[in-house]
Amino acid sequence: MTLTAGFSFPRPDDVIAEIERPFTLHQPALQVVPVIVDVPHAGRRYPRAFVEGSRLPLRALRRSEDAYVDLLFSHAVALGAPLLVAEFPRAFLDANREPYELDPRMFEGRLPGFANTRSLRVAGGLGTIPRIVGESYEIYSGRIPVESALSRIEALYRPYHAGLRHLVNRTQASFGSCILVDAHSMPSTGLDRDGVAKADIILGDRFGTSAASFVVDAAEEAFARAGLTVTRNRPYAGGFITEHYGAPGSGVHALQIEISRGLYMNEATLEPSSGFHALQQVISAAMAECFARWSGWSDDWRQAAE
């Protein structure tokens, strides 16, 4: 999965394809670190029926996609960690939500009684089946069948989380602990909640509840050493995945990493920029340093990123 000289990125409009499986799992020959990397929002297979049924053009639908984050973190496999990548796009289904955060106004038919219809994310249009992308652009021209939402959850959401839970359990059983890196990207423009321009990297640990400080400290120091600006939790503290899987008291740490898209892509055209490969190397080196520190191994691991 690591990019080679012959690799070509998909064209921004060349992503209309049926979703053949919920996720792709890239595994090292031997997992040698207590780390998993998951990428829930980089899926770029947009079913034709979904695109044609939307009120938005394809490029607008892709505004919520964490484009190419799976490729940015691809070296994690060579460093000994499995990499789990969702195949479905975030605009179609959001795996970083509770399984049934659903807005009843979106659907024809009755939602199950256990659906969470009142969360802040649902109110904002960003439930498990999102209502909007980007700056509050409505995805659908009308209501969609509730059966469509439930089938997406059963066919895609549940297998993705079953696969992630299996990796977490297996890693903890093998190493005694597990560190889950939940990898994302964010728009480069905008301010945080304090009115300050967003950093290059935002680390989310649910304000200290999803990961121990040594996990977050190592990541912050590694990215800062590479010359990137780093902040914690503002405006992104972590979503469902960090909240649901992170249990530091039980030895499972979940850390969300948000990367500014302006560092590696043209956000208007969705094309990778000239900075892509340099950032990929920076992330590789930072992850090598983190993996070594999280594992308690020697600094020789840094050489694996080179």
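Predicted model: local features only at pLDDT ≥ 70, side-chain atom pairs only at ≥ 80, totals over all residues.
Which residue forms a salt bridge with Asp217? Residues are numbered from 1 along each chain as its sequence is written, and side-chain values use heavy atoms, with hydrogens and water left out.

Now the answer. Asp217 pairs with Arg232 in a salt bridge, and the closest N and O atoms are 2.5 Å apart. A salt bridge here is a side-chain nitrogen of Lys or Arg within 4 Å of a carboxyl oxygen of Asp or Glu. The pair links distant parts of the chain: Asp217 sits in helix α6, Arg232 in strand β10, 15 residues apart. Helices (H or I, at least four residues) and strands (E, at least two) are DSSP runs, numbered from the N terminus. Asp217 is partly exposed at 27% relative accessibility. Arg232 is partly exposed too, at 28%. For these words, buried is under 20% relative accessible area, exposed is over 50%, and partly exposed is in between, with a 1.4 Å probe and protein chains only.

Next, the sheet. Seven strands form an open sheet with mixed pairing, in the order β1-β3-β2-β8-β11-β9-β10. Two strands pair if DSSP finds at least two bridges between them. At the edges are β1 (23–26) and β10 (230–232), each pairing on one side only. Strands β1 and β3 (residues 83–86) run antiparallel, joined by four bridges. One detail there: His26 has Leu83 in β3 as its bridge partner.

Helix α5 (residues 146–175) lies across β1, β2, β3, β8 and β11, at about 165 degrees to β2. Contact means heavy atoms within 4.5 Å. Axes are lines fitted to C-alpha atoms, for helices over the stretch in contact, and angles run from 0 to 180 degrees between N-to-C directions.

Back to charges. The count comes to 19 salt bridges. Take Glu289 and Arg225, with closest N and O atoms 2.3 Å apart. Glu289 is in helix α8 (residues 276–295) and Arg225 in helix α6, so this pair ties together parts 64 residues apart in sequence. Glu289 is buried at 6%, whereas Arg225 is exposed at 52%. Shared partners also join Asp103, Arg105, Arg131 and Glu138 into one salt-bridge network.

Last pair. Asp94 forms a salt bridge with Arg97, at 3.6 Å between the closest N and O atoms. Asp94 is buried, at 2%. Arg97 is buried, at 6%.
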